[in-house]
Structures are given as structure tokens and as C-alpha cells.
Amino acid sequence: MIYYIMVSFAAILFSMQFLCQQKYEENCGTGLKEALKFSMYKGFTVIVMMLILNCFKLEFTWFSFGISGVYALCYILMIYFSLKAFSVANLSVYSVFTMLGGMIIPFIVGVWMFGEEINRFKVICCLLVIVAVLMNVKKGSGSKKAFLYYMLVFMLNGTIGATSAIHQNLGIANTNSTSFMFYSGIWTIVICTVWLLVKGEKTLILKGKSLLYSAGDGFLNGIGDLLLLISVAPGALDASVQYPFVTGGVMVCSTLISTLRHEKVRKIEYFATVVAFVASVLMTF
């Protein structure tokens, strides 16, 4: 039960993280350079947190160091292609592909690579989450480029979840979860710094509210990802359980936050939230 509590708490943190991203975009815009700076300072925050949580002691294996680079690169590319998608794509459909990728790919990896059991509750849960996510699609304009960006964010978000499961369960000597997250922060800073310098950016400094929003996102996302890593380790939850559960959880928490902020929420979105909640409950059986 403790792992379900951890994943539920992670879902709350991921939902709150969206507020930091929204405020940063309102303050700085959605340009590539701004997004890279956001990611870079987010990486700094993750590094500091993981050092403190690990009492300034780190484990190291080349496997963990290498795969944490893949993990970090996927997160950075998610930001890049999200920005590209926002300019040409239907935002609601984009969100659907992002959430479905984060659920379906880790589910497949868990079953295929680690022999996780498929039972009726998992199948019903996945179908209900898919239905709930699709309920949130709104009509809107798109373009010929939109589908490409949809598939890219689908694959990238799914790869982030799959990478976590592979690191924790492949059986190759790996570090603890906090060390893995620390190295992902290092990779994030290096990749973003090099990318910004290549783009000709002369200043890498964030100040005031922009820095606060980036640090807040790093804190919420870093702790959330750490909880998911811990709960998908051997002896904890299967990847085919965890990621559908967290997808449903994020939908429920995001709707509650929108309601508390007095944002306009459609009736079908409330119904989708109920479906997602039922799916999450079923996943615990």
C-alpha cells in the first residue's frame, strides 16, 4: 500500500508542477532559449535536492550514468517538441498523446521485458484511462505537422517512463534512485548549456519570478520522479501497474486544482475524472 501512496503523492506533485510551467510561460514566453534555461535551472534544483536527500553521498555505475543521460535528453526534447506542437497543434489532443505515451509504452515494456502479469484489472484500467483521456479532447485546428509532433511527444514521454523501469529492473548494476536523479540533473545542465551556447545565447541567468518558477518545477518534478523510481523498483509495483495509475491520478488531481482555482471545467471533464478515479482504484487489485 505504501507504494500506491507514493505514486498518488507523485501525481499530486506533477499536477502542481503544471502551475509553475504556466506561470513561467506567462512571464517569459515559450521560446526555445527560454525553455532551455527553464530546464537548466530545473536541473540545478534536482542536483541540490538529491545531494541533500542522499546526505552528500553518491553511488556510481556507468550504466546508471549513461541511462540517466537518455532520461534527461528525453525530458529536454519533450520541452522542445512541446513548444513546436503548441504553435501548430490542437493542445488538448497533444495532451492526450502525451498522457497515453506515458502510460502505454511503460506498460508494454513491463510486460514484454520483465514478464509482468496481465490480468483483467490491468486491462480494464488501461481501457478506462484511455477513454477518460480521450474525453478531454476538444475540437480545434491542427496542421499537417501536428501529427508528427503528437507522435514525438507520445514516444518521448513513454520513453521517460520506460527508461525508469529499465534502470530499476534490468538487472545490471545500478545506483540508488537519488544518485540516478542527480546524474540526470548533471546531464540536463550540460545538454542545455551546450545547446544554448550553440544557439548563440550570451546570458544563461534567470532572475526573480522566472528563477522561482523553474526551481519550483524542479522541486515538484524531481520529488515526483524520485517517488516513481522508488515505487517501480524490484519488489515494489510493476511498471504496467504504476504508469496507468499515475496517469489516472494526474487527471484527477489536475481537475481538482482547476476547480479550486475557479477555472472553467466542462461536465465531460468531471465525468472523465470519475472514470480515471475508478480506473486507478481498479489498478490496486
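Q: What volume does the largest cavity have?
A: This is a predicted model, where local features need pLDDT of at least 70, side-chain atom pairs count only at pLDDT 80 or more, and totals for chains, interfaces and linings use all residues. A cavity is a set of points, on a 1 Å grid over the protein atoms alone, where a 1.4 Å probe fits but cannot get out. Grid points are joined across faces, edges and corners, and the volume is the space filled by probe spheres set on the points. For the largest cavity this gives about 150 Å³.

Q: How many cavities of 30 Å³ or more does a search of the whole structure find?
A: Residues are numbered from 1 along each chain as its sequence is written, and side-chain values use heavy atoms, with hydrogens and water left out. The search covers the whole structure, and the number of cavities of 30 Å³ or more is 1.

Q: Which residues lining the largest cavity are the closest to its centre?
A: Lining residues have an atom within 4 Å of a cavity point. The largest cavity has 15 of them. The closest to the centre are Lys 42, Val 46, Tyr 75, Thr 188 and Asn 221.

Q: Which helix gives the most to the lining of the largest cavity?
A: Helices are DSSP runs of H or I with at least four residues, numbered from the N terminus; strands are runs of E with at least two. Helices α2 (32-53), α3 (62-88), α7 (177-198) and α8 each supply at least two lining residues. With 5 residues, the one that gives the most is α3.

Q: How many helices and strands does the chain have?
A: Along the sequence the pattern reads α-α-α-α-α-α-α-α-α-α. The count is 10 helices and 0 strands.

Q: What share of the chain's residues counts as buried?
A: Buried means under 20% relative accessible area, exposed over 50%, and partly exposed in between, with a 1.4 Å probe and protein chains only. The chain has 285 residues. The buried share is 52%.

Q: Why does Ser 214 count as buried?
A: Ser 214 sits in helix α8 (residues 208-231). Leaving aside neighbours within four places in sequence, Ser 214 contacts Lys 37, Phe 38, Tyr 41, Lys 42 and Leu 206. Ser 214 counts as buried because its relative accessible area is 0%.

Q: How far is the C-alpha atom of Ile 47 from that of Ser 179?
A: Ile 47 is in helix α2 and is buried, at 10% relative accessible area. Beyond four places in sequence, Ile 47 touches Phe 182, Gly 185, Ile 186 and Ile 189. Ile 47 and Ser 179 are 132 residues apart along the chain, yet their C-alpha atoms are separated by 9.2 Å.

Q: Where does Cys 55 lie?
A: Cys 55 is not a glycine, yet its phi is positive, about 55°. Cys 55 counts as exposed, at 56% relative accessibility. Its place is the loop between α2 and α3.

Q: What is the phi of Phe 56?
A: Phe 56 lies in the loop between α2 and α3. Phe 56 is exposed, at 62% relative accessibility. Its phi is positive although Phe 56 is not a glycine, at about 60°.

Q: How far does helix α6 reach from its first C-alpha to its last?
A: Helix α6 (residues 146-169) has 24 residues.

Technical notes:
Contact = heavy atoms within 4.5 Å. Expected span 1.5 Å × (residues − 1). 1 Å grid on protein atoms, 1.4 Å probe; cavity = no way out; pocket = protein on both sides within 12 Å on 5 of 7 lines; lining within 4 Å.
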